[in-house]
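Morning, everyone. Please look at the structure on the screen.

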Amino acid sequence: MLLTNTEEIPGKRITAFYGVVSGSTVRAKHAGRDIMAGFKNIFGGELKGYTELLQESRDEAIKRMKAQARQLGANAVVNVRFSTSSVAAGAAEIYVYGTAVTVE
Amino acid sequence: MDALIQLIFFLTLLTLGYVFGKIAEKKHYRSIIEREKQWMQIPTTSGRRVLGTDREVKRVQLATGSVVISVDYFKRILAGLRNIFGGNVQSYETLVDRARREAVLRMKESCPQADQIINLRLETASISKGNKNQIGSVEVLAYGTAVYLYPASTAATSP
């Protein structure tokens with residue numbers, strides 16, 4: 001599955017469009033990460049637990065979008081965009097969407 | 001007596017935050033500048049076209065990088081004071097600057113073989129927003145399309 005966030009794929013021709021596909025995930029952090037983040041909050045610096053959380057939820061959202069595109073028979077997704085929102089305190093919602101296409 | 005203990009506790013946190021925060025920021029900036037030099041070989045643009053080259057595109061791929069960075073206690077108090085007088089909140093300015101540059105660097109590091117990265121986009125998330133203990137942190141997600149080109153010799157034969 002080919003993913004890009006440009007409208008077209010450089011060097012390839014799009015032969016069919018299937019419309020918008022999307023994937024989203026809401027992931028909460030566990031208490032251990034929260035406590036570590038509390039400590040880090042005094043000293044400043046990277047919150048590794050939260051970085052991991054963000055990464056996991058991003059990968060999960062992409063996976064779901066790919067599954068949807070595959071179901072439609074597409075072999076690529078163009079114009080991919082990420083979006084985030086805060087549904088609940090302490091949870092990360094990542095939403096990824098794009099246009100499913102077939103390229104040769 | 002109770003108030004005194006609280007004051008001492010507060011001041012200790014403040015000093016700890018100041019000292020360690022300063023060290024962490026300096027160290028981070030040094031690493032950012034060094035790595036930015038190292039990754040200069042991958043030109044990155046927020047434009048949509050492949051940057052001036054006549055070499056043909058071999059393949060493309062989505063590249064992402066993300067980071068969550070928090071501000072230290074001292075700076076958080078300082079920013080709180082800033083809220084009264086208004087003006088530049090410099091302690092948060094360096095925070096977002098570090099986070100954005102770090103996210104872009106991680107994106108580049110995720111595809112070391114790429115020739116260019118086009119259509120760079122930056123997005124901020126909020127895991128800790130609305131948390132009661134007020135974690136002052138910024139979460140940045142950088143993504144773009146990594147472009148792999150054919151070596152120059154094959155492009156020379158095509159026109």
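**Salt bridges in a predicted model**

Start with chain A. Arg27(A), Glu56(A), Glu60(A), Lys63(A) and Arg64(A) are joined in a network of salt bridges. Keep in mind that this model is predicted. Side chains of opposite charge can pair when their charged atoms come close.

How many salt bridges does the structure hold over all chains? The count is 15.

Here is one that crosses between chains, from Arg48(B) to Glu7(A). Their side chains meet at 3.0 Å, N to O. Arg48(B) sits in the loop between helix H1 (2–38) and strand S1 (57–70) of chain B. Glu7(A) sits in the loop between strand S1 (2–3) and strand S2 (14–28) of chain A.

Arg35(B) and Glu102(B) form a salt bridge at 3.1 Å, N to O. Arg35(B) is in helix H1 and Glu102(B) is in helix H3 (residues 90–109), so the pair ties together parts that are 67 residues apart in sequence. Both residues are buried. For Glu102(B), the relative accessible area is 4%. The cut-off for buried is under 20%, so Glu102(B) qualifies.

Which other residue does Glu102(B) bridge to? That is Arg106(B), with the closest N and O atoms 3.0 Å apart. Arg106(B), at 23% relative accessibility, counts as partly exposed.

How values were computed: Residues are numbered from 1 along each chain as its sequence is written. Chains are lettered from A and ligands numbered from 1 in the order in which they are written. This is a predicted model: local features need pLDDT of at least 70, side-chain atom pairs count only at pLDDT 80 or more; totals for chains, interfaces and linings use all residues. Side-chain values use heavy atoms; hydrogens and water are left out. A salt bridge is a side-chain nitrogen of Lys or Arg within 4 Å of a carboxyl oxygen of Asp or Glu. Helices (H or I, at least four residues) and strands (E, at least two) are DSSP runs, numbered from the N terminus. Buried means under 20% relative accessible area, exposed over 50%, partly exposed in between (1.4 Å probe, protein chains only).
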